[in-house]
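Please read the points below beside the sequence and the model.

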Amino acid sequence: MDLWNKARTFAAEAAKRSQDLSFGAAKFSDVVAEATKRSKEIAAEASKRADQIRIEAIKRAEPYVGSGIEEKDLISFGITDELREFVKGITFTTFRDFPLQDECELSDAPTVSNVRNDLTEWQERHANLVLSAVKEISKLRYELCPRVMKERKFWKIYFILVNSHTAP
């Protein structure tokens with residue numbers, strides 16, 4: 001009979017522990033569900049904040065109104081109304097899908113001011129002026145360089161695209 005009582009006591013303890021474990025498992029699943037919910041909220045909040053930061057950065061990249069650039073300077077460097085309209089039509093995919101192979105053997109030239117040192121003087125001045133005069137290309141350059149392509153490739157593609165619109 002003593003063995004029988006020990007077995008019954010052992011079975012009762014096992015039943016109690018399994019209830020405790022199932023209660024613990026329920027608590028654990030609640031904790032996991034709450035953590036998942038909170039993680040999604042934090043991710044959505046972070047994504048929203050990242051979008052706000054990106055928009056602010058793009059706004060800061062816009063040229064200042066009244067920056068002292070004269071129309072004669074723009075025209076002398078090929079920045080006409082026709083070129084401005086053409087450049088406004090250039091898109092992210094135009095650059096990304098442009099059939100130009102990366103030139104691995106070319107070293108990275110240091111950047112001075114807003115444009116690359118590997119441009120001619122005329123191209124450098126044109127690039128600075130077009131960045132100030134056409135905010136769309138400035139925003140596009142901000143989105144592309146250096147995450148999608150190097151600065152050198154960006155300007156090479158740009159000057160190929162606008163070649164028929166400019167005459168240095």
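**Notes on the predicted model**

1. The buried residues of helix H3 are covered by elements that include helix H2 (71-76), H5, H6 and H7, where contact means heavy atoms within 4.5 Å and where helices (H or I, at least four residues) and strands (E, at least two) are DSSP runs numbered from the N terminus. This is a predicted model, in which local features need pLDDT of at least 70 and side-chain atom pairs count only at pLDDT 80 or more, while totals for chains, interfaces and linings use all residues. Residues are numbered from 1 along each chain as its sequence is written, and side-chain values use heavy atoms, with hydrogens and water left out.

2. Which residues of H3 are buried? They are Leu83, Arg84 and Val87, buried meaning under 20% relative accessible area, exposed over 50%, and partly exposed in between (1.4 Å probe, protein chains only). Seen down the axis of H3, these buried residues fall within an arc of 100°, so they line one face of the helix; the arc is that of the directions from the helix axis to the C-beta atoms. Asp81, Glu82 and Glu85 are exposed on the other side of H3.

3. Helix H5 has 13 residues and reaches 18 Å from its first C-alpha to its last, close to the 18 Å expected at 1.5 Å a residue; the expected span is 1.5 Å times one less than the number of residues. The buried residues of H5 are Trp122, His126, Ala127, Asn128, Leu129, Val130 and Leu131.

4. How many salt bridges are there? With a salt bridge taken as a side-chain nitrogen of Lys or Arg within 4 Å of a carboxyl oxygen of Asp or Glu, the count comes to five. One of them joins arginine 141 to glutamate 151, with the closest N and O atoms 2.7 Å apart. Arginine 141 lies in helix H6 and glutamate 151 in helix H7, so this pair ties together parts that are 10 residues apart in sequence. Both arginine 141 and glutamate 151 are buried.

5. Another salt bridge joins lysine 88 and glutamate 85 (3.7 Å, N to O), and both residues lie in helix H3, three residues apart, about one turn of the helix. Lysine 88 is partly exposed, with a relative accessible area of 40%, whereas glutamate 85 counts as exposed at 52%. Arginine 38 and glutamate 41 also form a salt bridge, their closest N and O atoms being 3.2 Å apart, and these two lie three residues apart in helix H1 (residues 2-61).

6. For the whole protein chain, there are seven helices and two strands, which follow the pattern α-α-α-α-β-β-α-α-α along the sequence. Of its 168 residues, 25% count as buried. Residues 24 or more positions apart account for 75% of the contacts with a separation of 6 or more.
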